Amino acid sequence: MTAPTRASGSIARRAGLSLFLLLVLAGAWMFRPGSDGAVHVSGDGAADVLPGLDMPLSADPAGARLEVVLIRRAESLRHVPRLARLCRGRCLEVAVTVFHRPSLSGLRKIVVLDVAALGGGGSLDRGTGLGGAPAACATEVIRAEWLEAALPDCASGRRAILSVPGF
């Protein structure tokens, strides 16, 4: 039998180190901080939509599993640089834009609702709030995204789904 060489010892150390690092990563995955499983709604007309939601709500968008941002019209994105950077013009063509962000803490969704495309831009411009059909449609869209179901008829066929590595 031949004596072990320095190279075989080095390989064994590397394999042991690789196994150790794999176990550390698995432990980090198991004890990762999760979202609170709630919904955070903000933006133009959010106060009119919140009463119709029957799901747990979060005051902190960073901890929410689903963050919904209502914008008066797609051009308003320039006031929210983080979303404008994500959209890069893609939010101008549809009423509902969904961003999926996979991470160690699970899948996080940001939904951008163009209220004008749902028929509520004019009422917000007049200062009367987002009422009636547009508010009901926004509520149904949020519920559908929460349940990962099909969009309601008021917004069907007008959704873009984009996966992004980070925000």
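Which residues of the largest nonpolar core touch the most other members? I looked this up before anything else. The core has 27 residues, and Val39, Val41, Val68, Leu70, Val96, Leu113 and Ile142 are the ones that touch the most other members. I note that the model is a predicted one.

**Entry: where the core comes from**

I traced the core back to its elements. At least two residues each come from β1 (39-43), α2 (46-49), β2 (66-71), β3 (96-101), β4 (108-114) and α5 (132-147). Helix α5 gives the largest share, seven residues. I also found another core lying apart from this one; it has twelve residues, including Val69, Ile71, Cys87 and Cys91.

**Entry: the chain as a whole**

I counted five helices and five strands. Their order along the sequence is α-β-α-β-α-β-β-α-α-β. The chain has 167 residues, and 37% of them are buried. I took the contacts between residues at least 6 apart in sequence and found that 65% of them join residues at least 24 apart. For the accessible surface I have about 9,500 Å², with 61% of it belonging to carbon and sulfur atoms.

**Entry: helix α5**

I checked the length of α5 against its residue count. Its 16 residues should span 22 Å at 1.5 Å a residue, and the end C-alpha atoms are 23 Å apart, which agrees. I then listed its buried residues, among them Pro134, Ala135, Cys137, Ala138, Val141, Ile142 and Trp146. The buried residues of α5 pack against β1, α2, β2, β3, β4 and β5 (159-163). After the helix comes glutamate 148, and I noted its positive phi, near 55°.

**Entry: salt bridges**

The side chain of arginine 143 forms a salt bridge with that of aspartate 54, at 3.4 Å from N to O. This pair ties together parts 89 residues apart in sequence, because arginine 143 is in helix α5 and aspartate 54 is in the loop between α2 and β2. Buried or exposed, for arginine 143? Arginine 143 is buried, at a relative accessible area of 19%, so it falls under the 20% limit. Aspartate 54 is exposed, at 61%.

Arginine 143 also meets the side chain of glutamate 140 in a salt bridge, with N to O at 2.6 Å. Both residues lie in α5, three residues apart, about one turn of the helix. I recall that an α-helix has 3.6 residues a turn, so residues three or four places apart point the same way. Glutamate 140 counts as partly exposed, at 36% relative accessibility. I therefore recorded Asp54, Glu140 and Arg143 as linked in a network of salt bridges.

Lysine 109 and glutamate 145 form another salt bridge through their side chains, 2.9 Å from N to O. Lysine 109 belongs to strand β4 and glutamate 145 to helix α5, so this pair ties together parts 36 residues apart in sequence.

**Entry: histidine 40**

I ended with histidine 40, which sits in strand β1. Histidine 40 counts as buried, at 11% relative accessibility. Its side chain reaches the backbone oxygen of serine 58 at 2.9 Å. Leaving out residues up to four places away in sequence, I found histidine 40 touching Ser58, Ala59, Asp60, Pro61, Ala64, Leu66, Glu67 and Val68.

Definitions and conventions:
Residues are numbered from 1 along each chain as its sequence is written. This is a predicted model: local features need pLDDT of at least 70, side-chain atom pairs count only at pLDDT 80 or more; totals for chains, interfaces and linings use all residues. Side-chain values use heavy atoms; hydrogens and water are left out. Helices (H or I, at least four residues) and strands (E, at least two) are DSSP runs, numbered from the N terminus. Buried means under 20% relative accessible area, exposed over 50%, partly exposed in between (1.4 Å probe, protein chains only). Contact means heavy atoms within 4.5 Å. Accessible areas come from the Shrake-Rupley method with a 1.4 Å probe; for residues, only the protein chains shown count as cover. A nonpolar core is a set of buried Ala, Val, Leu, Ile, Met, Phe, Trp, Tyr and Cys residues joined through side-chain atoms within 4.5 Å. The expected span of a helix is 1.5 Å times one less than its number of residues. A polar contact is a pair of N or O atoms within 3.5 Å; within protein, one must be able to donate a hydrogen and the other to accept it, and residues adjacent in sequence count only if both atoms are side-chain atoms. A salt bridge is a side-chain nitrogen of Lys or Arg within 4 Å of a carboxyl oxygen of Asp or Glu.
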